[in-house]
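Subject: Structure handover

Hello,

Here is the structure I promised to pass on. Please open it before you read my notes below.

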Amino acid sequence: MLCSLECTRTRRTVGVAVCRPVISRVSENAARGPIIPPHMHIEFSGAAREVTGSCHILRVGSGTKQRTVLLDCGMFQGRRSESRAKNAKLPVPVDEIDAVILSHAHIDHAGRLPYLAAKGYKGTIWCTPATRDLCAIMLADSAHIQEKDAEFLARHRSEFIEPLYRMEDATRTLELMVGMPLNKWFDVTDGVRAMFTEAGHILGSASITLEVRDGTEFRRVVFSGDVGRCNLPIIRDPQPPASGADVILCESTYGDRDHESVEGAREQLAAVVRETAARGGRVLIPAFAVGRTQELVYDLHSLRRDGKIPDIPIFIDSPLATDATAVFAMHPEAYDHNEELVRQAPNLFDFPMVKFTRDVSESKRLNSMHGPMIVIAASGMAESGRILHHLRYGASDPRNTILVVGFMAEHTLGRRIVEQRPVLRIFGEEVPLQAQVEILNGYSAHADRTELLAWLRTVREHGVADGRGRPHVYLVHGEHEAQDAFAAQLRGDGFEVSIPSPGDVVSL
Ligand SMILES: [Zn+2]
Ligand SMILES: [Zn+2]
């Protein structure tokens, strides 16, 4: 039996005819007249050929029995007007969505969930307990940003837009979220069950294995979520799903390069702090408030204990990071208990010299203080948040260092800093970039190409052992260059690989 007219080849496993995955466009299907609806398929909606807006639509069954499950429902980021239009377009009408499964709390994965709630979604959003608790603060923060943006545009440009969602929508979203532990199957909806496994990317992050059934047909789909790295501070190492897979949706953010080691990054961090302090400057670190900030605090804690950095003040200038740190403290079940500091320090994030600033007045006071210090502030790509104030005051001082510790997407201020543009535009002002710029790739929370390849090989090995054969890999969550390079490498390793574009549909 063919699952769609596009499907021309079949293979046979354990007595069930199954279709090879093929890419077809919904629009192409529509143009070819009546078709047998593919009964198990995935549509790539977001983070297809780009890194933000993660959202994949799984459909199982047909007619009134069709079930629709979203994997993630993330926010598109980047150029403002463009992403606003993309964010306002729902991936699927909400009354068609039976359930959502969320890989982790980052806004590019969870950020549009309140928009679903605002539009009337009342189904369950499955995630891990730590992801749920992180979402409590991150979605509220995101709602706050939406509301403030709308106010700003109304006031300064007489442009009247509805915020994508409001605080009450973020709150309603939380009521829909159900936390499930790792490594246990749970029923998602008719014909779909799922299991989370450790993704090692941020606290609570998970890869998702889906078991999809339609009548006698049965497929396993693995969605990597964002895959982390071994030896990242605090959190455990990624654990590739071991249940076998017919299809793998794999992130490819860094599919074209290898990172420095995590240990090397820690040493580099120490060197940057020492050198900047010796110049009397500040280390300014744009960092995601959730995850990266806690890792940095943890590593600075460890470096200070070992006497590798001088005693200079460390300011975590972000109310969101302060709240996120409290959530980290609530979830020791997600820590890596093989790490010495986790085992030995009673409080990982509280030690002499570290100060969490919550008030705006405290934050502003930092600009008039003298002497070396470390300032960690959001946002991670320096697009908004308090880091902008610190960069406006600090980017032109050659004693300072701007330390880049994360991925900077195209069209962000962070990317312009990485490119070392001579002049930055911050709050409409031109600021010469004279501070040192240091880039620590070792802090990436994303696996590099070697780690991603190892992760995929492990998933494949389990599949072969399980009698499921060789999975087809769809690369998501990556920019063109990284994806093309990684696809070529994977093909060289014997994988069948496709890079779907937004709107592409594949039969399982
Ligand atoms: Zn992420
Ligand atoms: Zn992501």
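In H7, Arg266, Leu269, Ala270 and Val273 meet Leu296, Asp299, Leu300 and Leu303 of H8. Contact here means heavy atoms within 4.5 Å. By class, these residues are 6 nonpolar, no polar and 2 charged. (Ala, Val, Leu, Ile, Met, Phe, Trp, Tyr, Cys and Pro count as nonpolar, Asp, Glu, Lys and Arg as charged, the others, Gly among them, as polar.)

This is a predicted model: local features need pLDDT of at least 70, side-chain atom pairs count only at pLDDT 80 or more, and totals for chains, interfaces and linings use all residues. Residues are numbered from 1 along each chain as its sequence is written, chains are lettered from A and ligands numbered from 1 in the order written, and side-chain values use heavy atoms, without hydrogens and water.

Helices are DSSP runs (H or I, at least four residues), numbered from the N terminus. The axes of H7 (residues 262-279) and H8 (residues 292-305) come within 11 Å and cross at roughly 75 degrees. Axes are lines fitted to C-alpha atoms over the stretch in contact, with angles from 0 to 180 degrees between N-to-C directions. H7 and H8 are therefore roughly perpendicular (65 to 115 degrees).

Next, H11 (residues 360-367) and H12 (residues 387-394). Their axes come within 10 Å and cross at roughly 20 degrees. That makes H11 roughly parallel to H12 (under 35 degrees). Ser363, Leu366 and Asn367 of H11 touch His389, His390 and Tyr393 of H12. This contact has 2 nonpolar, 4 polar and no charged residues.

Best wishes

Note on methods:
Helix = DSSP H or I, 4+ residues; strand = E, 2+ residues; numbered from the N terminus. Parallel < 35°, antiparallel > 145°, perpendicular 65-115°, else oblique.
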